[in-house]
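Thanks for passing this one along. Here are my notes, point by point, to read with the model open beside you.

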Amino acid sequence: DVKIRIRNLTKVFYQKGESTTALDNVTLDILDGEFVCLVGPSGCGKTTLLRILADLEQPSAGEYEIAREKEDRPLQSMVFQERGVIPWLTVRDNVAFGLEMRKLPKKVVKERTDYYLEKTGLMAFADRYPKELSGGMKQRVGIARAFANDPEILLMDEPFAALDEQNKFILQEELLQIWAETRKTVLFITHSIDEALLLSDRILLMSAQPGRISEEIRVAAPRPRT
Ligand code: ADP
Ligand code: ADP
């Protein structure tokens, strides 16, 4: 089933008399349960596409639709490179934040928060504050929160870009494990083709000009995932 249906999506920014085409007539289907990587150089329109799907930006033309499976679910959760954690909340409260906002029963909030604290190895840090955490741990908080929210789709914008190679690898593996359990539809942005090849068997390449998806790669023998 198609989870994200994108048709002729165009975004033009106007600024000081200049126009920039960030997306040019992008048409695309992402299926339910797919983990798709969107790869391309800086400025090619990746973040713009994600921000439109996150309803943070309005398209200039075209349309998209995210298929809803459950009424009480948020449509999308985002994981960013930075700004993922709320500094004045503990790790536990950060992970629980979206669930608390939805006023879910305390028991549900606690169970789901505990589950993802455990999954991401954050349980021992549950009562700490973000400033006491390493960069990798902060990104785990963002990932735990996004999955705990149980959204229809997950949108990730270079969540590991600021990490060193070793931490990056560990978190990539952890993300794949959590994803394999949940089979959430994920759209993951990266400028690294290596990262895309590690994470996904479907890769969309964007070209710098003029904001188009230029090619699609399907890895013939996808890596086994537990
Ligand atoms: P990427 O995420 O691939 O680096 P972006 O989607 O951030 O690319 O940007 C695509 C193009 O749109 C770039 O030329 C960028 O400068 C421009 N752009 C993005 N957001 C804005 C904005 N709010 N105002 C003007 N131009 C923008
Ligand atoms: P990334 O490199 O992760 O795509 P950027 O640093 O390019 O992110 O953009 C961060 C924010 O600035 C985004 O909200 C984007 O829309 C905005 N932005 C990007 N390019 C421009 C621009 N040329 N003019 C105004 N805003 C921009």
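A word on conventions before the points. This is a predicted model, in which local features need pLDDT of at least 70 and side-chain atom pairs count only at pLDDT 80 or more, while totals for chains, interfaces and linings use all residues. Residues are numbered from 1 along each chain as its sequence is written, chains are lettered from A and ligands numbered from 1 in the order in which they are written, and side-chain values use heavy atoms, with hydrogens and water left out.

1. Helices (H or I, at least four residues) and strands (E, at least two) are DSSP runs, numbered from the N terminus. Two strands pair if DSSP finds at least two bridges between them. Strand β6 covers residues 153-157. On one side, β5 runs parallel to β6, joined by four bridges, with valine 79 opposite methionine 156. β6 also pairs with β7 (residues 185-190), again in the parallel sense, over five bridges.

2. **How covered is β6?** Buried means under 20% relative accessible area, exposed over 50%, and partly exposed in between (1.4 Å probe, protein chains only). Five of the five residues of β6 are buried, so the strand is largely enclosed by the rest of the structure. In a regular strand the side chains alternate between the two faces of the sheet. Here Ile153, Leu155 and Asp157 lie on one side and Leu154 and Met156 on the other, and both faces are covered.

3. **The surroundings of ligand 1.** A residue is near a molecule or strand if one of its heavy atoms lies within 4 Å of it. The shell around ligand 1 includes Phe13, Gln15, Thr20, Ala22 and Pro41, along with Ser42, Gly43, Cys44, Gly45, Lys46, Thr47 and Thr48. These residues divide into four nonpolar, seven polar and one charged. In that count, Ala, Val, Leu, Ile, Met, Phe, Trp, Tyr, Cys and Pro are nonpolar, Asp, Glu, Lys and Arg are charged, and the others, Gly among them, are polar.

4. **Polar atoms facing ligand 1.** A backbone N or O atom of cysteine 44 lies 3.1 Å from an oxygen atom of the ligand. A polar side-chain atom of lysine 46 is 3.0 Å from an oxygen atom of ligand 1, and for an N or O atom in the side chain of threonine 47 the distance to a ligand 1 oxygen is 2.7 Å. The protein covers 64% of the 560 Å² of accessible area that ligand 1 has on its own (Shrake-Rupley method, 1.4 Å probe). Elements giving two or more residues to this shell are β1 (2-15), β2 (18-31) and α1 (46-53), and α1 supplies the largest share, three residues.

5. **Ligand 2.** Gln15, Thr47 and Arg51 surround ligand 2. A nitrogen atom of this ligand is 3.3 Å from an N or O atom in the side chain of glutamine 15, and one of its oxygen atoms is 2.7 Å from an N or O atom in the side chain of threonine 47. The protein covers 31% of the 550 Å² of accessible area that ligand 2 has on its own.

6. **Helix α1 and what follows.** Six of the eight residues of α1 are buried, namely Lys46, Thr48, Leu49, Leu50, Ile52 and Leu53. Just after the helix, aspartate 55 takes a positive phi of about 65°. Glutamate 57, in the loop between α1 and β4 (61-66), counts as buried because its relative accessibility is 19%. Its side chain makes a polar contact with that of arginine 51 (3.2 Å). Such a contact is a pair of N or O atoms within 3.5 Å; within protein, one must be able to donate a hydrogen and the other to accept it, and residues adjacent in sequence count only if both atoms are side-chain atoms.

7. **Glutamine 172.** This residue lies in helix α5 (residues 165-182) and counts as buried because its relative accessibility is 6%. The side chain of glutamine 172 makes a polar contact with the side chain of glutamate 195 at 2.9 Å. Leaving out residues up to four places away in sequence, glutamine 172 touches Phe160, Glu195, Leu198 and Leu199 (heavy atoms within 4.5 Å).
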